[in-house]
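Before reading on, please take a moment to look over the sequence and the structure shown below.

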Amino acid sequence: MHTVFLILTFTHLIFSSTVLDGYIYYKYDNDLLAPPCTRLVNATHQIGCSTGAYPKSGTLFELNTDSDFDFVMKPGPHSPYIVLIHLPHYAKDNILKLEASPYVAGILVDVINQPDGLDSFSPQTECPNMAGFQKNDCHLNPDGNSLDFYDFNEFPIFSINDQTILSNLQDCAKSNQYISGLSYVCSVQLTSRMYASVNTEVCTRRLDYVLPQFTSSTSYCSPLQGWSLWGTLFPLKENTNYNNTENGIILIAAQLDASAFFHDLSYGAEHDLSAIAVLLGIAEVLGKLKRNNSINDTGNPIVFAFFDGEEWQHIGSSKMAYDISKGKFPLFPDIELSHQGIKHFIGMDQVALPSNQSWYVHSTPSAQNDSEFISAFQSSSQLNNISFTFLDDGLNLPSTMTYFSHFNANISGAIITDFNDTFNNRFHGSFLDNAKNLGINTNPNLITDLQILCKSLTESILSISNIKVDEAIDKSCNESLLTQILDCFLVNSSCPLFSKVSPPDLPASSGPVSRYVSIQTTTSLTSLITHNLLAYFIGDREITVSKNCSVNISPTSKSLYRTYFSQGPNYNSSTMLGVCVNSTVYFYKAISPSVELNSFGSNSIYSTWAESTWEEPSIWIYLAANNYIYYGEFMLGFAMTLVTLIVSIIFTVKASMIFK
Amino acid sequence: MTVFSCVSYALIAYGPATALILVTQYRYAEQVLIMLVCGFIWLISLFLSSLIWTAVPPLRNIPAFTLPFSVILQELARCITFIITKKLSNKFSNPDTRYRHQLAYSAGAGFGVASGLFMFLNVLKSSLGPGVVGLRGSWSYPQFILTSALLTCAFTLLHIPWSVILFDACYRRKWFLLFITPISHLILSSLTLLNSSITVWPSLLAAYVLLLVLTVLAFKTAGGNFINTTKICSKKLPRDSPSIQ
């Protein structure tokens with residue numbers, strides 16, 4: 001019975017944590033404070049990091065100098081090590097060197113201290129995000145080191161994005177300074193268990209017989225998915241078949257998501273927030289002109305699109321292009337659109353770092369032969385004293401237009417960029433593509449460049465869509481709006497612009513917005529806010545109380561209009577007086593057509609990227625003892641037990657003699 | 001070294017007591033019964049001292065407040081076990097198990113097991129993880145779990161001579177000897193208060209010295225013969241003598 005009691009006590013204790021644990025460990029389970037590198041799979045590979053089934057632990061060692069690097073490569077009494085590195089040492093060679101060493105068990109990267117004058121860092125490839133049917137031999141991104149696509153199996157890499165955690169780590173590392181002589185060393189244990197492995201085909205096989213309570217979900221990975229949004233300046237005309245260039249649409253697109261080696265740090269300032277800001281600026285001007293009745297619904301429909309999931313082989317745009325080819329877009333009963341019905345496709349990618357206000361228009365052959373198209377851009381560039389240079393590599397640039405051109409090789413379109421044949425962005429696809437390196441505080445020309453581009457494009461777009469507008473009307477974009485968009489997304493998302501366009505129940509957030517697409521079943525903050533911004537700018541507004549604004553943003557509604565209530569610039573929570581927005585802006589699920597076609601093998605031309613499901617990642621910091629201490633304790637316990645056993649046996653056997 | 005260190009600490013804390021009890025108590029079921037009953041009575045004393053701890057919230061962080069009450073309650077419980085074991089033993093049929101020192105031994109063992117389990121099992125669970133105490137908390141030091149284990153072993157084993165001495169004093173009504181147990185218990189427990197603030201050595205040394213001294217004392221009380229003890233190596237095991245303990 002005593003044994004039963006013992007067994008019950010033990011089994012209870014094993015699964016709980018004690019009060020003493022609070023004095024042993026610093027436990028950090030919040031993956032927003034210290035985002036790890038996680039695992040993704042595609043048709044052929046697994047990429048990213050995982051610790052495997054068991055946590056990885058080691059003595060904490062801070063690397064500051066080159067001799068520190070040499071130290072951790074050698075065995076020692078306290079190896080293996082978990083190393084803390086700072087940004088000057090954050091380079092592909094160093095990371096791979098550390099990963100290859102058997103004495104290093106994991107890496108922590110301090111991403112808080114960003115010194116000036118950092119060299120380039122781009123974990124993307126040199127020819128990033130090419131679709132399978134494009135030529136893959138470009139050097140658009142010469143700084144690319146492909147670190148994103150490396151498989152760090154059983155090797156965790158965490159970023160440290162919180163000053164408290166960093167201070168604790170640095171104190172811990174400091175106490176390890178004279179490491180050779182210590183009996184107790186400060187150690188770190190990293191847990192980041194990823195369930196997916198091999199490739200997407202293997203891990204999407206559902207294992208229904210695994211008990212749900214032992215895994216976080218019933219599958220080991222899920223295809224990346226997000227929410228794109230699109231909207232029309234004027235509502236699409238019912239009973240219309242948009243199938244030729246006469247009545248075709250003008251589709252203007254930007255990429256909504258971003259990526260980084262640490263997914264929760266995907267700020268994507270130049271790529272592609274710059275384009276999002278310009279596109280929203282254009283939308284705001286056109287919306288204003290519409291509301292002033294300066295323009296009418298006489299020309300080609302202007303359609304704005306923000307595609308989500310683009311970083312992972314163009315998930316959002318491929319989905320829309322696929323649906324158009326199947327006649328499933330848009331899903332309004334009396335409206336049809338085919339690829340031939342896209343008169344012009346204008347994409348924007350990386351527009352904030354031009355030299356001398358010169359932008360490049362990477363066009364398709366059809367567009368190069370379209371004199372009206374070219375003259376529209378030339379006239380607006382002359383008007384605004386900037387330069388648009390036409391290049392003919394539009395079909396071979398990875399962009400939101402890529403899959404549209406796959407379905408219609410004659411598509412007339414162009415991608416507007418600030419680069420010719422190599423990116424101006426030295427931090428493409430990195431968390432360092434942020435406010436600081438975009439130059440929000442250091443580049444005096446940033447906003448003026450974006451503003452003048454925005455104005456020029458507005459004029460070009462009005463021209464190519466044959467919408468007549470009075471020359472005298474000012475089509476300048478709002479500089480303050482551009483500044484606010486950049487600030488809200490890149491610096492602090494708790495800002496008046498976001499509140500203005502959102503309902504009162506907007507979830508609170510702070511700091512910069514990470515725009516990694518992830519697996520969104522409900523809309524992320526990015527998709528939601530961009531939808532709200534677009535709708536607020538191009539929709540109709542009415543100042544009402546919230547209960548008089550009937551909310552309808554359902555994707556299945558047959559009506560073309562969507563309504564929602566936003567706070568407006570002067571929201572008062574007691575009167576509930578805000579702005580009722582009635583717009584033709586829609587959410588659109590961004591999920592790879594591979595999911596629908598259920599083909600995740602290497603013969604699928606669509607994105608096969610899937611994200612692994614995982615156990616809660618965590619960092620534990622604690623003191624660990626030298627191995628000899630553990631052996632000594634075991635010897636002591638063994639000896640004590642053995643001695644007592646022997647003595648008690650002797651005394652029991654000789655009891656009659658001893659006790660008389 | 002997670003499970004490994006847990007096993008080491010379990011061996012240190014519970015190994016000697018487990019070995020002792022396995023060897024000496026297996027013989028009669030009545031001995032195990034006495035152990036269980038006395039363990040439960042110890043548990044009641046723990047419950048009552050926890051009520052005192054709960055009663056004054058601001059003093060909950062100061063072990064020095066609850067400690068004397070806890071010791072007094074345990075000793076009162078020990079006296080109660082004396083009464084109960086006497087009553088229970090009258091019902092035993094086997095004369096061997098009615099031998100009073102054997103009863104005292106089992107009672108003390110019961111107390112020791114219960115007190116050892118509650119003292120250390122929680123800490124043992126913490127030793128399953130990769131870390132040792134010492135990083136956080138101004139009072140913490142790396143040898144915390146080892147010291148806990150050693151003290152648990154000492155206390156578990158100490159309850160046996162404490163019970164033997166107390167039961168003997170109660171039986172022979174030698175009231176002067178009665179106070180050896182509570183006073184030495186109180187002194188030892190108070191010395192452990194120094195562990196986190198000053199140093200660990202007073203309580204550890206005192207515990208094992210006290211263990212040695214009281215074992216010898218209890219041995220003498222139970223009628224042990226020192227001279228014969230020294231001769232056990234030279235004499236052979238007597239074959240037909242009854243195994244009275």
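**Aromatic pairs and their surroundings**

Over all chains, the count of aromatic pairs comes to 50, where rings of Phe, Tyr and Trp (its six-membered ring) pair if their centres lie within 6.5 Å, and planes under 30 degrees apart count as stacked, over 60 as edge-to-face and the rest as tilted. One of these is the stacked pair of A:Tyr26 and A:Tyr28, with 6.5 Å centre to centre and 5° between the planes. A:Tyr28 has a relative accessibility of 15% and therefore counts as buried, a term that stands for under 20% relative accessible area, with exposed being over 50% and partly exposed in between (1.4 Å probe, protein chains only).

The model is predicted, so that local features need pLDDT of at least 70 and side-chain atom pairs count only at pLDDT 80 or more, whereas totals for chains, interfaces and linings use all residues. Residues are numbered from 1 along each chain as its sequence is written, chains are lettered from A and ligands numbered from 1 in the order in which they are written, and side-chain values use heavy atoms, with hydrogens and water left out.

A second aromatic pair, A:Tyr322 with A:Tyr606, is edge-to-face, at 5.5 Å centre to centre and 75° between the planes. A:Tyr322 belongs to helix H8 (residues 315-325) of chain A, while A:Tyr606 sits in the loop between helix H17 (593-597) and strand S24 (610-612) of chain A, so the pair ties together parts that are 284 residues apart in sequence. Helices (H or I, at least four residues) and strands (E, at least two) are here DSSP runs, numbered from the N terminus. Both A:Tyr322 and A:Tyr606 are buried. Elsewhere in chain A, ring pairs join A:Tyr90, A:Phe121, A:Tyr150, A:Phe152, A:Phe155, A:Phe261, A:Phe262 and A:Phe431 into a cluster.

**Chain A as a whole**

Chain A contains 19 helices and 25 strands, and its C-alpha atoms fill a box of roughly 120 × 55 × 55 Å, taken along the principal axes. Of the 660 residues in chain A, 57% are buried. Among the contacts in chain A between residues at least 6 apart in sequence, 79% join residues at least 24 apart, a contact being heavy atoms within 4.5 Å.

Leaving aside residues up to four places away in sequence, A:Thr530 touches A:Leu229, A:Leu256, A:Phe306 and A:Phe489.

**Backbone details**

Where in chain A does a cis peptide bond join two residues? One such bond joins A:His271 and A:Asp272, with omega about 15°, and A:Asp272 has its place in helix H7 (residues 269-291) of chain A. Another cis peptide bond joins A:Phe329 and A:Pro330, with omega about -15°, and A:Pro330 is found in the loop between H8 and strand S15 (335-337) of chain A.

A:Asn129 has a positive phi of about 60° although it is not a glycine, and it is found in the loop between strand S6 (104-110) and strand S7 (151-152) of chain A. A:Ser146, which lies in the loop between S6 and S7 of chain A, likewise has a positive phi, near 60°, in a residue other than glycine. As for accessibility, A:Asn129 counts as buried at 17%, whereas A:Ser146 counts as partly exposed at 27%.

**Where chain A meets chain B**

In the contact between the chains, 51 residues of chain A touch 59 residues of chain B. Chain A and chain B bury about 4900 Å² between them, 74% of it on carbon and sulfur atoms, buried area being the accessible area (1.4 Å probe) that two parts lose on being put together, summed over both. In chain A, the residues that lose the most area to chain B are A:Tyr23, A:Tyr630 and A:Met657, together 12% of what that side buries.
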